[in-house]
Amino acid sequence: MNTCDNQTPLAGKRILLGVTGGIAAYKSAELCRLLIQAGAELRVAMTDAALEFIRPLTFQALTGQPVASSLFQGEAGNAMEHIELARWAELILVAPATADFIARLVEGQGDNLLLATILASKAPLALAPAMNQQMWAAASTRDNLQRLRHRDVLIWGPEAGEQACGDQGLGRLREPSDLLEDVIDFFAPGPLEGRRVLITAGPTREAIDPVRFLSNRSSGKMGYALAQAAWRAGAEVLLVSGPTCLERPDGVERIDVISAEEMRRAVLEQLPGQDIFIACAAVADYRPRQPARDKIKKQSERLTLELERTPDILAEVAARPNRPFCVGFAAETQELEHYARDKLAGKKLDMIAANRVDGDDGAFEGDDNELAVFWDDGAIELPRQPKTRIARELIAIIADQFSRRRP
Ligand code: PMT
């Protein structure tokens, strides 16, 4: 994924540098120079306010590329420059990002070229905020930053020190050389580089008749977040998903299934060559023994369904010779550690992540989760946070344990 050498660690990386209107905009020119020196292909987009602080000619001379600043007068000549830039960029870095720009971004505004490009892009977004220390401390800025972190936006800085206005405190743009390091770290090979990871997600549906089924409340969010995080960590990821309303995560291959039996078949078929198996799906434990061929009619006051156990996919994978590193989930309403450790030992897993599924803030459906992770001789608690973030932490733990056991 990465053609990394010491001189040009960013060789071939396509970075869009966004510059907004703050006094620190002059430092963006140095950042631009450093990124190019490190091998990046750089394009620059400026807001109108940024044009008051620094001339586009500076960036044009450094990059050898026209600078984008207007939604309507771009190179493409058809008001499509933001779409072209949005598709081109592998990373969008806004430095400096002012308080006003951050607020507009949170609201999803698209009335300037940089905001419209960010809205239209799937590229990861990093902000290097720079503003007066009081503006940084303002409740609205804190709230806005929190909302952006929930959306997976990377926030690099700011730093403390003397400010252009004479104040002391947090709000200075991170030094260009440190921002360069942040960008290099961002593109550095992840801990799962070269590994293959198979993940199950979502619920299964077990047919009662052609129009009815037994299922559960799983939305797939946790499993999809894990798939995205594993891909970001460098892995080749295959997601076997029960029915959800979610979009396929970037870079991830997805196989759609409906029932536990279909999920089992897909997993076993795809298993050879996988390094890690993460079973996050809420697989139905029971299914109707004999689904009716026709729609069941409302004839009697009572209806009894005979259920039978479904195959335990995780246990079956973990029992195979040459099995991958196996991570299970435990969804519990009580005695979390006790039942999780039972499943860890009973299914012979390498690791298990346990979550509570009772109450309003249980793991099902919502955007947040908290996990207690157990393995043979260790345990770690991951506090409540967005599923996207907790997924990144869990993937880092899995990668670490995997590398210790299978160096
Ligand atoms: O999808 P979300 O709305 O984001 O919710 C996330 C989640 C709560 C579904 C997820 O975090 C979670 O806990 N997934 C596992 C749910 C579950 O089925 O837990 P369990 O304790 O019943 O099963 C233990 C393990 O065995 C799980 O890894 C499960 O995938 C696996 N299993 C269970 C039954 C079965 N027939 N086959 C299996 O592989």
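1. Let's start with strand pairing: β1 (residues 14-19) and β3 run parallel and are joined by 4 bridges. Two strands count as a pair if DSSP finds at least two bridges between them; strands are DSSP runs (E, at least two residues) and helices likewise (H or I, at least four), numbered from the N terminus. Gly18 sits opposite Val94 in β3.

2. A note on what you're looking at: this is a predicted model, where local features need pLDDT of at least 70, side-chain atom pairs count only at pLDDT 80 or more, and totals for chains, interfaces and linings use all residues. Residues are numbered from 1 along each chain as its sequence is written, and side-chain values use heavy atoms, with hydrogens and water left out.

3. β3 also has a partner in β4 (residues 125-129): the two run parallel, with 4 bridges between them. Here Ile92 has Leu125 of β4 as its bridge partner.

4. So, how many residues of β3 (residues 91-97) are buried? The count is 7 of 7, with buried meaning under 20% relative accessible area (1.4 Å probe, protein chains only). Leu91, Leu93, Ala95 and Ala97 cover one side, while Ile92, Val94 and Pro96 are buried on the other.

5. Now to the second largest pocket, whose lining has 39 residues, with Ala281, Ala282, Val283, Phe329 and Ala331 nearest its centre. A pocket here is an open set of points on a 1 Å grid over the protein atoms alone, where a 1.4 Å probe fits, with protein on both sides within 12 Å along at least five of seven lines; lining residues have an atom within 4 Å of a point.

Terms used: Buried < 20%, exposed > 50% of the residue type's maximum accessible area, 1.4 Å probe, protein only.
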